[in-house]
Amino acid sequence: LRDGLSLLDQCVAFHYGKLLTYENALEVLGAVDSSVFSRMFNAVADGRTRDCITELEEIVIQGRELGQFVTDFIWYLRNLLLVQSSDNMEDVLDISADNLALLKEEAEMVDPEILMRYIRIFSELSNQIKYATQKRILIEINVIKLCKPEMEKDYTSLIDLSLIHISE
């Protein structure tokens with residue numbers, strides 16, 4: 001509760017005398033709207049590297065915190081995996097019915113193994129990005145890994161690649 005009040009104080013102080021909106025709060029927190037994660041996930045699932053990089057560029061232009069983006073994208077991927085694993089995730093996820101319906105739709109786009117690969121890659125990135133001086137480049141490299149599993153040299157990537165080709 002204290003953290004929530006502290007964040008509210010920051011938002012009010014930063015936008016004193018103005019109407020406090022969802023966008024204002026995201027700006028203060030350095031966070032992005034969940035629609036960004038949806039667009040990023042769809043681009044990754046479709047292998048559209050350019051769209052991913054363009055989305056990342058927009059995040060940078062908006063001045064969002066890149067480390068926060070990585071953490072939040074991991075949570076988004078986690079939510080997709082949870083939705084895949086059970087039908088009754090409304091209470092666990094604590095999101096709106098519209099967002100839950102979108103998650104269910106997106107969760108059907110990839111196999112659970114591929115989602116776990118995405119989470120693994122971005123979890124490793126989360127550990128690396130804390131100390132990186134070139135956060136954007138590090139994120140770009142990892143987004144490319146997500147889009148192009150054949151560029152990785154480990155066994156799980158080859159499995160992901162074979163799953164993609166089998167489903168086509």
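Phe41 touches Phe73, Tyr76, Leu77, Leu80, Glu106, Met109, Val110, Leu115 and Tyr118, leaving aside residues up to four places away in sequence. A contact here means heavy atoms within 4.5 Å. The model is predicted: local features need pLDDT of at least 70, side-chain atom pairs count only at pLDDT 80 or more, and totals for chains, interfaces and linings use all residues. Residues are numbered from 1 along each chain as its sequence is written, and side-chain values use heavy atoms, with hydrogens and water left out.

The chain holds ten helices and zero strands. Its pattern along the sequence reads α-α-α-α-α-α-α-α-α-α. Helices (H or I, at least four residues) and strands (E, at least two) are DSSP runs, numbered from the N terminus. Among contacts between residues at least 6 apart in sequence, 63% join residues at least 24 apart. Of the 168 residues in the chain, 36% are buried. Buried means under 20% relative accessible area, exposed means over 50%, and partly exposed lies in between (1.4 Å probe, protein chains only). The chain exposes about 10200 Å². Carbon and sulfur atoms supply 55% of that area. Accessible areas come from the Shrake-Rupley method with a 1.4 Å probe; for residues, only the protein chains shown count as cover.

In soluble globular proteins, nonpolar side chains tend to be buried together.

Aromatic rings were examined next. Rings of Phe, Tyr and Trp (its six-membered ring) pair if their centres lie within 6.5 Å; planes under 30 degrees apart count as stacked, over 60 as edge-to-face and the rest as tilted. The count comes to six aromatic pairs by this rule. Phe37 and Phe69 form a stacked pair, 5.8 Å centre to centre with 15° between the planes. This pair links distant parts of the chain: Phe37 lies in helix 3 and Phe69 in helix 5, 32 residues apart. Phe37 and Phe69 are both buried. Phe37 also stacks with Phe73, at 6.1 Å centre to centre and 25° between the planes. That pair too links distant parts of the chain, with Phe37 in helix 3 and Phe73 in helix 5, 36 residues apart. Phe73 is buried, as is Phe37. Ring pairs join Phe37, Phe69, Phe73, Tyr76 and Phe122 into a cluster.

Ser38 also sits in helix 3. Ser38 is buried, at 10% relative accessible area. Its contacts are Tyr76, Leu102 and Glu106, not counting residues up to four places away in sequence.

Helix 9 has 13 residues. The expected span of a helix is 1.5 Å times one less than its number of residues. Helix 9 should therefore span 18 Å, and its end C-alpha atoms are 18 Å apart, which agrees. Ile139, Glu140, Asn142, Val143, Leu146 and Cys147 are buried in helix 9. The buried residues of this helix pack against helix 3, helix 4, helix 5 and helix 8.

Side chains of opposite charge can pair when their charged atoms come close. A salt bridge is a side-chain nitrogen of Lys or Arg within 4 Å of a carboxyl oxygen of Asp or Glu. The whole structure contains six salt bridges. One of them joins Arg136 and Glu140 at 3.1 Å, N to O. Both residues lie in helix 9, four residues apart, about one turn of the helix. Arg136 is partly exposed at 29% relative accessibility, whereas Glu140 is buried at 19%.

Arg48 takes part in two further bridges. With Asp46, the closest N and O atoms are 3.2 Å apart. With Asp51, the closest N and O atoms are 2.5 Å apart. Arg48 is partly exposed, with a relative accessible area of 33%. Asp51 counts as partly exposed at 34%.
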